[in-house]
Each structure stands twice: as structure tokens, then as C-alpha cells.
Amino acid sequence: MNHYVRRAAAVLLAATLIGAAACSAGEEAHPVVFAAASLTNPFADLAENAEVNVDYSFGGSNGLVDQLVGGAPADVFASANTATMDRAVEEGVTAGEPVRFATNLLVLVTPAGNPAGITGLDESLDGAKLVICAPEVPCGAATAALAETVGITLEPVSEESAVTDVLGKVTSGEADAGLVYATDAAGAGEDVETLEIPESSQHVNEYWIVAVKGGDADSASSFIELVTAAAGQELLADFGFGPA
Amino acid sequence: MPRWTWLPFALGLTFLVVPLAGMLARVPWAELPALLVSHEAVEALGLSLLTCVVATAVSLVLGVPLALAMSRMTGRTAVVVRTLVTIPMVLPPVVAGLALLSTLGRRGLVGQHLSAWGIEIGFTTVAVVCAQVFVAMPFLVIALEGALRADSGDYGTVAANLGASPTRVLWRVTLPMSMPALVSGAALTFARALGEFGATLTFAGSLAGTTRTLPLLVYLTREQDTDLALALALVLVLVALVVVAVSARFNRPVST
């Protein structure tokens, strides 16, 4: 028994040492990036492809601004919409001009096979279980604006706080249709069928990136360059983002 | 009690109380009345209270017999059943939601058959109550089972010997004797149902007046209107305080 305890202790010790070594090796300047949750996958790939170390903190754009205002140490901030970037600028946590680096469109998704026979933002939604984002959150505000342009009154069975919750209700088959971003639809792959909405191009969602005041300006600008360069833009397109 | 325990006592209490104090410090007291009578706040509070009352009632109807049966079990059966009953209590709420979704959802184990009959629970108030009962009923069952086990059963035996039927013994002797546990268990169930969030969000959705309970509204308004979110959070704290106070009152040992 004692033998095992000692061996376990040795393994633990070794792991701690390796961990400590890894940490100190990573202490070379690498950017700390606060980015909207919808950027999780492309940004992770971006760092991997460029073989650079990046410390990411992904979350809701608004919450990230709250953290920055609260003094969280970051070099770069990437927002999933214009309003939140405006707020960050107003709060004085940014350094330099924000750069628009991607766009995203709302699309209609249905579970694979489209069991309710949805054809678009039209009468086919009557009696169907539609899930959208609540108007209080950015994707919901975009949904409301889109519905107005199309001239349809949406009657959702649920208004979610996050676009991922909308997608979850559709992929699980619980809902017949949902309004999500093209990137969410692309991420869900074959679990959903995507119907494009022509009017959607009038309500493009813009992604902005900026250096954070008090952060490391060099690592910030090199990361922003990575995102806006051709390779970065191609990668974003692969994930369903539109061009800046 | 050794004197040094006062230090961890003070630290522990501080750790638990300071976050609440921090929240109270940020509540916009001046605008509080206006915020709390807003239509969406009243609607969400009404829905929360309604669903919690129903969920507590359902928990009593199903949970009391469950606790009774469990208190009579011995050995491995008792351990297995108690473990099964406790699981929903300790599950992360979002896991509880996924479990309900895979069972009662449209494509779920049971839900697909219900769906064939035209019964769909998802996105309805019934789904909210289901989520609440699932996570909250164990509190009642565990509290009551403990009390029933502690009861020697002597009074029940005497009543039975005097000719009372088993049902009469249950209503007139067993349950009145475990009334403190029953009340505090029900209060805990109500409180847990009131705070239910993850399972509701995952399984029931969020629509004003139908499925958007107070915790879901707090979560949503936090995105946009921190003041309203804090005001609503205060309401939840107050309701929780009342429930805990009621529970504590009934749970006091009978003084002679």
C-alpha cells in the first residue's frame, strides 16, 4: 500500500515540475486575447497554424468589456458586434482604432431532414416551433431587425439568451427551426439544414478587433495582423464568416 | 469548543456573507420600486411562484410515499435507492436539463412516444415544473426519510394495536410526528425549485409568461440592464430568506 502511495507522490511531483517548467517556458511575450465566444474555433486554429502561443479568454462580448473595465490584463479585444466595441471605446479600455475583420449573417436552420418542411421566413413557420434569440441580446436585436425588413411577425416558442442555446434546441430536434448565425450553422455541420435569407445581407453583424490600453502593444499588433492577413481571412471564411 | 475555532468561524462566515453584502451594495435602491413593478418582472415572479408551488405539491404527492417506502428498506436496497434518489440533487443543473431533454424531449426515450400521441412537453410551463420537480424533490425525500428512520414506530404500533388502519396510522400518527422534517423538506424543495435555472434553460426554453422564470429573467437582463438584474436578484434573495426562515421555525426542537 505504502509503495503505491510513494509512487503516486513521485508521479505528482514529476507532473508538478513539468508543469512549472512548461509555464516558465511560456513566459516569452505572447498576446492575451479576449474574444467573443463565436470566435473560439477559428482563433484557436489561427494560433495553431501560425505556431504562436496565445492566451485566449472567450466569452460574451459584453462580459469581456466588463472584465476589461474591471482591470483584467489583456492585449487584444475582439468583439462580435459594433455596439459592444463602441462601448469598449467609450469606457476607455482600448488603444488605437478598432479594425473590422469579419462579418456574419443570420440564417434559418432546421434539424437534419427539415421535418416541419420549413422553406424560409414565410408562412411555412405558421404552427412550427421556432426558437430565436431574445431581443435583449445582440443576435436577438439582429433577428428583430431582420424580421421587420422581411415584414413578418415571428412567433417563437422560446427566446434564448445565447445563440448557442438556439442552435442546441434545433440540433436536438426540439425546435423545428431557429435563427442563428451562418458560423453557428457551419459549425453544426450535418446536424442542421441551412436556409439563407436574402434580406439578411442588410443586417450584417460586424466583428471588430482592437488593442487594449495598458497591454503589450507589439504582441497586440502582431496578433491583429495575423487575423487581418490573407491566411487569417481565409480561415475565418472556412468557419462561415463573411469578408470584412 | 477550542478558542482557535473562532478564526475559521469568522473567515467562513465572512466568505458566505460578503458576496451577498456586495450585491446589496450595488442594488439601485432608489429605482427599485419602479424596476420591480415592471411588467416583465411581475410576470416572471408570478410564473416562478406558480411553478414552484405546483412543483412542491407534486414533490409532496410523489415524495412522501417514496420516503415512506425508503424508510422501511434495509441493507443494499436502501443504499441503492437512496443513491438513485440523491443523484438529481447533486447533478450540475445543465446535466439535469440534458437528462430531461433526452428523456422527455421530442426525440427522447419517452418523449417520442408522447409526441406520437400529440403530447409535447418542451417549451411549455409543464416542462418548467418537470425540471423543478426533478432537481428539487430529492430534498424533500431525503429530509423526510431521515426523520421517518429516526422515528421508532412505537406510537404507530400502539395505534395499530388499538385498531387504526395503516392509512389512519399514516395520517394521524406517522406524518404528524415527522411534521418538522416534512415542512423543512418542503421549504427546501420550494427554495431549490425557485432557484432552478440550468435544467429549465436547457429543457424548457425561455419565453416571457410561459417558461421565463425569475432566474432566467435575471440571466437575460444581466446582458443589458444590470440594475434590473440586481433588483430581480434581490427579490430571489428575499423569497429565499422567507423560505429558510419558515423552515427554521418548524425545524426548531420542541421545547418542553
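Tutor: Contact means heavy atoms within 4.5 Å. This is a predicted model, in which local features need pLDDT of at least 70, side-chain atom pairs count only at pLDDT 80 or more, and totals for chains, interfaces and linings use all residues. Residues are numbered from 1 along each chain as its sequence is written, chains are lettered from A and ligands numbered from 1 in the order in which they are written, and side-chain values use heavy atoms, with hydrogens and water left out.

Student: Which residues is Gln132(B) in contact with, leaving aside its neighbours within four places in sequence?

Tutor: Thr51(B), Cys52(B), Ala55(B), Met137(B), Ala193(B), Glu196(B) and Thr213(B). Gln132(B) itself sits in helix α7 (residues 125-150) of chain B; helices (H or I, at least four residues) and strands (E, at least two) are DSSP runs, numbered from the N terminus.

Student: Why is Gln132(B) called buried?

Tutor: Buried means under 20% relative accessible area, exposed over 50%, and partly exposed in between (1.4 Å probe, protein chains only). Gln132(B) has 2% relative accessibility, so it counts as buried. Cys52(B), at 0%, is buried too.

Student: What makes Cys133(A) and Cys139(A) a disulfide?

Tutor: A disulfide is a pair of cysteine sulfur atoms within 2.5 Å. The sulfur atoms of Cys133(A) and Cys139(A) are 1.9 Å apart, so the pair is a disulfide. By this rule there is 1 disulfide over all chains.

Student: Why is the disulfide of Cys133(A) and Cys139(A) called left-handed?

Tutor: The torsion about its S-S bond is about -95 degrees, so the disulfide is left-handed.

Student: Which residues of helix α6 (residues 163-171) of chain A are buried?

Tutor: Val163(A), Val166(A), Leu167(A), Lys169(A) and Val170(A). They cover an arc of only 160 degrees around the axis, so they lie on the same side of α6(A); the arc is that of the directions from the helix axis to the C-beta atoms. An α-helix has 3.6 residues a turn, so residues three or four places apart point the same way.

Student: What follows α6(A)?

Tutor: Gly173(A), whose phi is positive, near 80 degrees.
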